[in-house]
Each structure stands twice: as C-alpha cells, then as structure tokens.
Amino acid sequence: MKYKAWLSKKIEKTGKILCEACHQACVLSEGEYGTCGVRFVENGELILSVYGKVAALHIDPIEKKPLFHFLPNSKSLSLGTVGCNFSCKFCQNASISQYPKERNHNIFGDDLMPNDIVNLALEYKTKSISYTYNEPAVFFEYAYDTAKLAHEKGLKNIFVTSGYETHKAIDTMGSYLDAMNIDIKAFSDDFYKNISGAKLKPVLDTVEYSYKKGIWVEITTLIIPTLNDSSEELEKIANFIASISLDMPWHISAFHPQYKMLDIPRTPHSTLIKAYEIGKKAGLNYVYIGNVLDEDRSSTYCPNCKKKIIDRSGYIGEIVQNHLIESKCPYCQTKIAGVL
Ligand code: SF4
C-alpha cells in the first residue's frame, strides 16, 4: 500500500522533498528513492511503500530484543518490513533489510494494517509490540499509527533500532514510544562509514536524547573480531553509556559470520568477558553477555549488595528465576532500574 510519508517537508526553493525520519536526511527529487529503498517521491509527495506490509512477524520473549529491564518475562509481538537506512555488512536480517535496495525497490510482506497488528498482540496476549528486524525509522508512519492504537489498548511500544531517528521522529512518537534498544555498533566514524553506511555521532545523540525524553533505553554492541573489539574502543563505548546513566543496561553480543562478513570468525568468549569487565569497570550497573551460553554474565545482580537477583540462561538470557520483590532487591531492598 502506498501511503504518504508525512514525516517530511518540501524544500520550497528547489521543490525537492526532505525526509525527516532519519539522519540520512535524504533530499529527493520526483521518482527518487531514499537510502532505505522504501521512501520515494511521487507526484511531489514522499511515499512509504511498505505501509501495511509486514515482512517478518514473530512472538518473541522480550529478552530477545534484547530488553532485560522492561516487562521481564513477557512476550512481545515483533514485526518488521523490508528496507533499512543502514547497510551493515554483518546484518543478520539482510534478506529483508537490504531487499529493496538489491531488488530494484521491490518489496514484499503480508497485508496487515495497524489494527490487525494490535488485534494479533491482544489475541496472543503480548504486553508489547516491538518494531524490529529492520530499522523502524524507515517505516515511521506505519509504526506511529500502530503504536498509537496499541497504547489505546494498553500495549507498550518498543523500537529496536540503529539509533538514527531524528529528534522530530522521537518527538512525534512522543509518549507512544516506551522503550528502545539502540545499537552502538562501534565508537569510530570509520566503522560506521565503511561497514554500516552511516555516522557515529547521530547515534550517540539519539541515545542521549531518547534517555532524556524518559524512554527506557538499553544498548547493544555486537562485538566483531578485529573491527570493534579493541579495549580502547570498548572503553569508549562503556564510558559513553556511563556518562548518560550507570543504570543503562549494556548488552554485549557475540558475532556469528553473516551476510557479507563470512570471512570473520565468531567472537571468542574471552573477548566478550573482556568487554563485560570493561563495562563493569566503567561503573555500569547492568552489563550482559548475549548470543552465547554464559549464565553468570547474562544474569542480573543488585548494584548495591551484588547478589544475583535475576537468574537467566540460554543464548538470549531467558529468565529462570526472578527474585525481585516489587522491583527491589530482596536482600537489601535497592530499587532495580527499569520497568520491572
Ligand atoms: S528514512 Fe529513508 S528516505 Fe528517510 S532519511 Fe532515512 S534513509 Fe532517507
């Protein structure tokens, strides 16, 4: 379904259209597509080609997003469309994210309007809807309409994102957006430019801006051997998160060879442990290793008395036992951060 991508404006001098959904800030002429491959200009208006077209839909444990401090042990109706504003060479969802760019702007997906999605979430008794698998900023208007309806039905909304949303996009989502997992993929512009087709600074800005808006934010970093795994770079990421909030969880995730990076080996467990220790040294209260089996380092500890308060297991850190009592440590009554 073609739908007006209203998060955009006409540049009067040139007649071109500026897309205001993400920091790629595409300025497009008639017939031209943005970097994401799903927003284009037709008859002087920006059009979203994937409105109502769901390319991937699952009911996931919320821990898989990953979000460990937001409605733990709940299910989240998770969906994505095709298209993405990034072009990460390690993308695990490249078959949908890069599809329009690699297939002459073709799209695919099941027909689901916002009310269909919300009804599915209600039918399957999920507590939230996650806009994930590809970058939600590129299907902003579709996500917005769904999120608004979801809130009316008492469901929460989650963006799993590369963090390229404009302030205007975040402001427009306003109180409909409850939580975000934002990737900080590296701490160098070279990595962002050469591996992902983006820049670092807007991502850091989104982390800070979203946090200040009161959205619950958790961070994920996929550690890729030789590309972003130096102690120096990991320290920069950890210190940046610590400068925003010591209570902002940091998920350190293991890389597996994917898409255009089949020649790089899996992340050694020792590297993940190194990153974990760096996060702890930076003062972060909640650091987690994911995508490998490491029960101790995927569990939650009280930042005050240091006792284990949520036991997790498996590759995604699903909860085995939650010891919290009314969001507090059962041993020393310290309040644990998040929406618990
Ligand atoms: S959402 Fe797409 S069209 Fe809009 S600025 Fe980002 S990449 Fe460009």
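1. Is the crossing of helix 3 and helix 4 right-handed or left-handed? In this model, which is predicted rather than determined by experiment, the crossing of these two helices is right-handed. Helix 3 spans residues 114-123 and helix 4 spans residues 140-152, and the two pack with their axes 9 Å apart, at an angle of about 45°. Because angles from 65 to 115 degrees count as roughly perpendicular and those under 35 degrees as roughly parallel, helix 3 is described as oblique to helix 4.

2. As to the residues that form this contact, helix 3 contributes Pro 114, Asn 115, Ile 117, Val 118 and Ala 121, which meet Asp 145, Thr 146, Leu 149 and Ala 150 of helix 4. Sorted by class, the residues of the contact of helix 3 with helix 4 comprise 6 nonpolar, 2 polar and 1 charged.

3. The crossing of helix 8 and helix 9 is right-handed.

4. On the helix 8 side of this second contact lie Ser 231, Leu 234, Glu 235 and Ala 238, while helix 9 supplies Lys 274, Ala 275, Ile 278 and Gly 279. The contact of helix 8 with helix 9 is made up of 4 nonpolar, 2 polar and 2 charged residues.

5. Turning to the domains, the protein chain is divided into domain 1, covering 3-48, and domain 2, covering 53-322. Taken over C-alpha atoms, the centres of domain 1 and domain 2 are separated by 26 Å. Their contact involves 16 residues from domain 1 and 22 residues from domain 2, and the side of domain 1 that touches domain 2 consists of 10 nonpolar, 4 polar and 2 charged residues.

6. Which residues come nearest to the ligand? Of the 13 residues around the ligand, these are Cys 19, Cys 22, Cys 26, Gly 34 and Cys 36. The residues of the shell fall into 8 nonpolar, 4 polar and 1 charged, and at least three residues of the shell are drawn from each of domain 1 (3-48) and domain 2 (53-322).

Technical notes
Residues are numbered from 1 along each chain as its sequence is written. This is a predicted model: local features need pLDDT of at least 70, side-chain atom pairs count only at pLDDT 80 or more; totals for chains, interfaces and linings use all residues. A residue is near a molecule or strand if its C-beta atom, placed from the backbone, lies within 6 Å of it. Ala, Val, Leu, Ile, Met, Phe, Trp, Tyr, Cys and Pro count as nonpolar, Asp, Glu, Lys and Arg as charged, and the others, Gly among them, as polar. Domain bounds come from an automatic or database domain assignment. Axes are lines fitted to C-alpha atoms, for helices over the stretch in contact, and angles run from 0 to 180 degrees between N-to-C directions. Helices (H or I, at least four residues) and strands (E, at least two) are DSSP runs, numbered from the N terminus. Angles under 35 degrees count as roughly parallel, over 145 as roughly antiparallel, 65 to 115 as roughly perpendicular and the rest as oblique. A crossing is left-handed if the near helix is turned anticlockwise from the far one by less than a right angle, and right-handed if clockwise. Two residues are in contact if their C-beta atoms, placed from the backbone, lie within 7 Å.
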